[in-house]
Each structure stands twice: as C-alpha cells, then as structure tokens.
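Please read these notes with the model open beside them. They are meant for someone who has not looked at this structure before.

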Amino acid sequence: MLECPGAADAGGCPALLICETIGKRTASHMFKALLDRIETLWRKIEHMGANERTVIAVTASPSLQLELRIFSIQERWHILFARTLETALQYTSFNKGAVILYDRELAGVDWRKGQCALVESVNPVFFILLSPGADRRLWRTVLDYGGYDVARMPLDRENLAPMVNGAFAVVSTVDSVVA
C-alpha cells in the first residue's frame with residue numbers, strides 16, 4: 001500500500017491531510033464541486049438514450065468489446081458495455097428501445113435466461129444474440145423467447161449494421177405511431 005507523505009502527521013487520514021494542506025474551506029469547496037459533478041453525470045446517465053441510438057453490448061470479451069466499439073463509431077451508435085446481466089438490466093432501465101447485443105459465450109449465465117430477463121425489463125429492448133454458430137433452430141429459439149435476431153460470430157459489420165439499424169428503425173416507427 002502506498003503511503004501518503006505527511007499522512008502520519010495527520011493521523012494517517014489522507015482527507016485530514018488534504019484539509020490541513022489546502023485548508024478546510026478549500027477542501028469543502030472541492031468536495032462540493034466533486035459532488036455536483038457526480039450529480040451532473042448521473043443526470044446525463046439517467047437521460048442517456050432518450051434520443052440516441054443506444055446499443056448495450058453484454059460481453060466480457062475484450063476483443064469483442066473493441067470490435068463493437070469500432071462498429072459503434074462507424075455507425076454512430078451510442079454503446080454501453082455490460083460484463084454482467086445485472087449491469088445490462090440496470091442500463092435497460094434508462095434506455096428505452098435499446099438494442100441488446102448479447103454474447104452467447106458470457107460466463108455464468110444461460111443466454112435464454114439472460115434474454116428473458118432483458119426482454120421483460122422495464123423498457124422495451126431488441127435482443128440480438130451473438131453466437132459462434134447460427135442456424136435456423138437457434139434463430140427460431142431466439143424469436144420464441146422474444147428476441148429480434150441472431151448474429152454469427154466472428155462479426156461482420158456488413159451483416160450486423162443492417163440488423164441493428166433495422167431494430168432502431170422499428171423503435172422510431174413505434175415511437176412515431178405512439179406520439
């Protein structure tokens with residue numbers, strides 16, 4: 001563990017050291033500014049996706065995340081990465097009409113349970129399963145569970161982009177009919 005210089009003089013407390021070094025008033029203003037910044041960022045997160053094309057990628061694979069990041073830049077999608085189903089569910093709570101790209105190889109969760117939880121979440125989502133193998137039977141199973149489509153891995157932008165953009169087109173059509 002790194003020792004903070006002067007922390008021993010301040011009773012071992014880095015916060016106390018900061019207060020003694022820059023003064024309590026300045027530290028109080030810095031802390032308030034930090035809290036204000038966190039609140040501002042949280043408000044942005046709460047409203048994220050309201051008018052954006054949001055993709056939530058549920059994968060723990062760094063190489064897949066990099067590939068999807070590149071696709072999202074090229075296609076102008078707003079992409080959020082979730083390493084767990086729980087995180088993905090939190091993201092769906094403030095992203096209406098998000099497209100979910102779910103890695104079938106995600107450890108610890110059967111993709112069908114993950115799909116059911118996401119499709120039945122608070123806001124409607126469009127579930128696309130990312131799978132190394134994709135056949136008619138898998139595609140039918142994804143549809144039966146309320147999903148949108150299956151994308152074969154390794155991913156090809158020319159196949160994935162129309163699939164995701166098609167889901168976004170459905171979202172905007174539904175939104176215009178409801179409005």
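1. Basis. This is a predicted model, in which local features need pLDDT of at least 70 and side-chain atom pairs count only at pLDDT 80 or more, while totals for chains, interfaces and linings use all residues. Residues are numbered from 1 along each chain as its sequence is written, and side-chain values use heavy atoms, with hydrogens and water left out.

2. Five strands form an open sheet in the order 2-1-3-4-5, with parallel pairing. Strands (E, at least two residues) and helices (H or I, at least four) are DSSP runs numbered from the N terminus, and two strands pair if DSSP finds at least two bridges between them. Strand 2 (78-82) and strand 5 (149-152) are at the edges with a single partner strand each, so one side of each has no neighbour in the sheet. From one strand to the next, the twist averages 25 degrees.

3. Strands 4 and 5. Strand 4 (residues 125-131) pairs with strand 5 in the parallel sense over four bridges. Ile 128 stands opposite Asp 149 in strand 5.

4. Helices on the sheet. Helix 5 touches strand 3 (98-103) and strand 4, and its direction makes about 165 degrees with that of strand 4. Helix 6 touches strand 4 and strand 5, at about 140 degrees to the direction of strand 5. Contact means heavy atoms within 4.5 Å; axes are lines fitted to C-alpha atoms, for helices over the stretch in contact, and angles run from 0 to 180 degrees between N-to-C directions.

5. Helix 5 against helix 6. Helix 5 (residues 111-119) and helix 6 (residues 136-144) pack at about 35 degrees, with axes 10 Å apart. Trp 111, Arg 112 and Gln 115 of helix 5 meet Leu 138, Thr 141 and Val 142 of helix 6.

6. Local backbone. The peptide bond from Met 153 to Pro 154 is cis, with omega near 5 degrees; Pro 154 lies in the loop between strand 5 and helix 7 (157-178). Arg 76, in the loop between helix 3 (62-75) and strand 2, has phi near 60 degrees, a positive value in a residue other than glycine.
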